[in-house]
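Subject: Structure handover

Hello,

Here is the structure I promised to pass on. Please open it first, then read my notes below.

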Amino acid sequence: MNFYLGFQLARTADQRRGIQRERDLVNYLRDHDWWAMRAPASLGAADIVALRRDRQGRCEARLIEVKSTKAGPYAKFGPAARQKLAGSAYLAGAQAYLAWWPKHGELVWIPAKDWPKTKEG
């Protein structure tokens, strides 16, 4: 349980699994030569910020949303959330990625260019 301003907040099993997946992904990235950190409780666009130096010595930056829903990668990552992450990544000069890692499944990296297209107003 977490405490916020003196109030106890209970987490659901899905929330706990999601937080653990974020932690697991940070460790995975660090093991693969990335500097990575979670953005917990930020309620911002990304769950994880990851940086590393590419082969030309430039900074490669990723803003990553992590989903572990078995219903599919976009079940809880709708058009508004995708647009927010892609826009934030653009402003930061980063690449936007969805890391879909369902329970008992393999990690799948999905770059923004492969996300479903949204209809323009």
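R38 and E22 are both buried (buried means under 20% relative accessible area, exposed over 50%, partly exposed in between, with a 1.4 Å probe and protein chains only). R38 forms a salt bridge with E22, with the closest N and O atoms 2.9 Å apart. The pair links distant parts of the chain: R38 sits in strand β3 and E22 in helix α1, 16 residues apart. A salt bridge here is a side-chain nitrogen of Lys or Arg within 4 Å of a carboxyl oxygen of Asp or Glu. Helices (H or I, at least four residues) and strands (E, at least two) are DSSP runs, numbered from the N terminus.

A word on the source. This is a predicted model: local features need pLDDT of at least 70, side-chain atom pairs count only at pLDDT 80 or more, and totals for chains, interfaces and linings use all residues. Residues are numbered from 1 along each chain as its sequence is written, and side-chain values use heavy atoms, with hydrogens and water left out.

The overall layout

The protein has 2 helices and 7 strands. From the N terminus on, the order is β-β-α-β-β-β-α-β-β. There are 121 residues, and 35% of them are buried. The protein exposes about 8400 Å², with 54% supplied by carbon and sulfur atoms. Accessible areas come from the Shrake-Rupley method with a 1.4 Å probe; for residues, only the protein chains shown count as cover. Take the contacts between residues at least 6 apart in sequence: 46% of these join residues at least 24 apart. Contact means heavy atoms within 4.5 Å.

The whole structure holds 7 salt bridges. One of them joins D24 and R21, with 3.9 Å between the closest N and O atoms. Both residues lie in helix α1, 3 residues apart, about one turn of the helix. R21 counts as buried because its relative accessibility is 14%. D24 is partly exposed, at 26%. K113 also forms a salt bridge with D114, and their closest N and O atoms are 3.3 Å apart. K113 counts as exposed at 63% relative accessibility, while D114 is partly exposed at 44%. Salt bridges that share partners also join R52, E60 and R62 into one network.

R62 is found in strand β5. It is buried, with a relative accessible area of 12%. Which residues does R62 touch, not counting those up to four places away in sequence? They are W34, I48, V49, A50, A94, Q95, Y97 and W109. The charged end of R62 sits over the ring of Y97, 4.0 Å from its centre. R62 also lies over the face of W109, 5.5 Å from the ring centre. A charge sits over a ring if NZ of Lys or CZ of Arg is within 6 Å of the ring centre and within 35 degrees of the ring normal.

Aromatic pairs

The count comes to 2 aromatic pairs. F77 and W115 form an edge-to-face pair, 5.2 Å centre to centre, with 90 degrees between the planes. F77 lies in the loop between β5 (59-67) and α2 (79-92) and W115 in the segment after β7 (108-111), so the pair ties together parts that are 38 residues apart in sequence. Both F77 and W115 are buried. Y97 and W109 also form an edge-to-face pair, at 5.9 Å and 85 degrees. Rings of Phe, Tyr and Trp (its six-membered ring) pair if their centres lie within 6.5 Å; planes under 30 degrees apart count as stacked, over 60 as edge-to-face and the rest as tilted. Y97 is buried at 13% relative accessible area, whereas W109 is partly exposed at 26%.

Two backbone points

Most residues other than glycine have a negative phi. D33 has a positive phi, near 65 degrees. D33 is in the loop between α1 (13-31) and β3. H104 also has a positive phi, of about 65 degrees, although it is not a glycine. H104 lies in the loop between β6 and β7.

Best wishes
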